[in-house]
Amino acid sequence: MEHFKRPVLGKKHSSDSRSQKSRPSSPAPHNHVTFELITESPPVLFLDDAQRSTGSLYSVNLHMTVKNRPVSLKTMTLKLESVSTTKRPVVEKCKACANQVTLIKDWTLVSEKTTYQPGVYEFPASHLLPGHLPATTHGSIGSVEYRLVAKAESDALEVFEQTKPLEIKRAIRPGPEKNSVRIFPPTNLTLNVTLPSIVHPMGDFNVLARMSGLTTVNNDTQTRWRLRKLDWRIEERETTISPACAKHAAKIGGDGKGIAHEHTRIIGEQEVKGGWKTDFDAGEVEGEFVCSINSARKPNLDVASSNGLKITHALVLEMIISEEWATNKKPKSATPTGVARVLRTQFNLVVTERAGMGIAWDDEMPPLYEDVPASPPAYLQHLPFGLSCQKTFVFDAR
């Protein structure tokens, strides 16, 4: 009786073993040197718009921990980079078309071969971030992010690297209320709206609207418009430009060109069913209603970037009015004429972060690392017999 050998499930073929041998093995991570980036300044907040902002002072401390054995470093750098990403690149699977990296500031911490014994070493760095930089934004079709990249290379060709994201915010300080006027031809209607100068993504704000020119009086009769319905919504409008990398620049006509994209979404809406006062004798209707942004829809703030990313907001009002006819003797007995109109208008909104105390960095003048001396200053101590001596206090920096 012949015996058949049962096949072994999952057995590797010789071709599989050859393919695995041909694959290069990934280098093992180097754990004897670690980096930690510690922010030592308040959160980055730009005050006012890009044309008037003085920027924000940012300080970071790079902690390098050497474990077990000494290490000799040839170079060590710290970079602050801006990363612009488009979700609709020219070529879908091309990372160079989707991401553009811009260097803002770099520090050379080690420029020649230096040996470090096991221990913890600190490398502080400061930079005044210019106020024209766009805030950190994660839009629907584009985004702007910032990151700190610490990188070192040893004489044994070992590479140590650490990345830390940096969030930049912008706050516009409030100003006087804005008054806007809209005219709706061919009628005589005029709309006056009072809005706050800025709004925030969380919280509500009041809108005061007054419409005049409702009543037209003739010899014996009068015609007038009655407000039937009022709807408001807040639109977020995003535009961006998708540039092409050098490899795919020919697809859009050469270097320096891109494809423009637009995206609009609603981040708040409601119907105002009442609450306005109508005075047909004066020909006016006036009302105040509350608007707010739905934070669950993750709204973005206003931003304008040099790479083409721009986000703006607008308050859109839609009003339905109907025409009535009445005699001058009995103005309260009005008869609808069957004529109705839809009035639509919009007003720009500035959506921004809260400014807090609204104090810029140059008003406080915090010191830079370069301005701090190596040791505290000397102090004069007076002796009882009228003599004086100079005493220096030395602190251990460890």
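Me: Where is Pro186 found?
Reply: Pro186 sits in the loop between β12 (178–184) and β13 (189–195). Strands here are DSSP runs of E with at least two residues, and helices are runs of H or I with at least four, numbered from the N terminus. By the way, this is a predicted model, so local features need pLDDT of at least 70 and side-chain atom pairs count only at pLDDT 80 or more, while totals for chains, interfaces and linings use all residues. Residues are numbered from 1 along each chain as its sequence is written, and side-chain values use heavy atoms, with hydrogens and water left out.

Me: OK, and the peptide bond from Pro185 to Pro186, is that cis or trans?
Reply: That bond is cis, with omega near 5°.

Me: What do β12 and β13 form together?
Reply: They make a hairpin, with four residues between them. The two strands pair in the antiparallel sense over seven bridges. To count as paired, two strands need at least two bridges found by DSSP.

Me: Which residue in β13 is the bridge partner of Ser180?
Reply: That's Val193.

Me: Is β13 mostly covered or open?
Reply: Mostly covered, as six of its seven residues are buried. Buried means under 20% relative accessible area, exposed means over 50%, and partly exposed is in between (1.4 Å probe, protein chains only).

Me: How many bridges join β13 to β14?
Reply: Five, and those two strands run antiparallel. One of the pairs is Thr190 with its bridge partner Ser212 in β14.

Me: What holds strands of a sheet together, in general?
Reply: Strands of a sheet pair through backbone hydrogen bonds, and they can be parallel or antiparallel.

Me: And how many bridges join β14 to β19?
Reply: Nine bridges join strand β14 (residues 204–212) to β19, and the pair is antiparallel. Asp204, for example, has Ser292 in β19 as its bridge partner. Strand β18 (residues 276–279) also pairs with β19 in the antiparallel sense, over four bridges.

Me: Which residue takes a positive phi in the hairpin of β18 and β19?
Reply: Gly283, with phi near 70°; this hairpin has four residues between the strands.

Me: New topic. Where is Leu157?
Reply: Leu157 is in the loop between β9 (142–154) and β10 (159–166). Leu157 has a positive phi of about 65° although it is not a glycine. It is exposed, with a relative accessible area of 61%.

Me: What about Lys298, buried or exposed?
Reply: Lys298 is exposed, with a relative accessible area of 67%. Its phi is positive too, at about 50°, and it is not a glycine. You'll find it in the loop between β19 (284–292) and β20 (303–304).

Me: And Glu235, buried or exposed?
Reply: Buried, with a relative accessible area of 11%. Glu235 lies in strand β16 (residues 221–243). Leaving aside neighbours within four places in sequence, its contacts (heavy atoms within 4.5 Å) include Thr264, Ile266, His313 and Val316.

Me: Which side chain makes a polar contact with Glu235?
Reply: The side chain of Arg237, at 2.8 Å. A polar contact is a pair of N or O atoms within 3.5 Å; within protein, one must be able to donate a hydrogen and the other to accept it, and residues adjacent in sequence count only if both atoms are side-chain atoms.

Me: Last one: what pLDDT does the protein average?
Reply: It averages 85, and 84% of the residues score at least 70. pLDDT is the predictor's confidence in each residue, from 0 to 100. Over residues 1–28 it stays under 50, and the model has one contact beyond four places in sequence for them. Residues 386–398 are also below 50, but that stretch has 17 contacts in the model beyond near neighbours in sequence. Where pLDDT is low, the predicted coordinates should not be read in detail.
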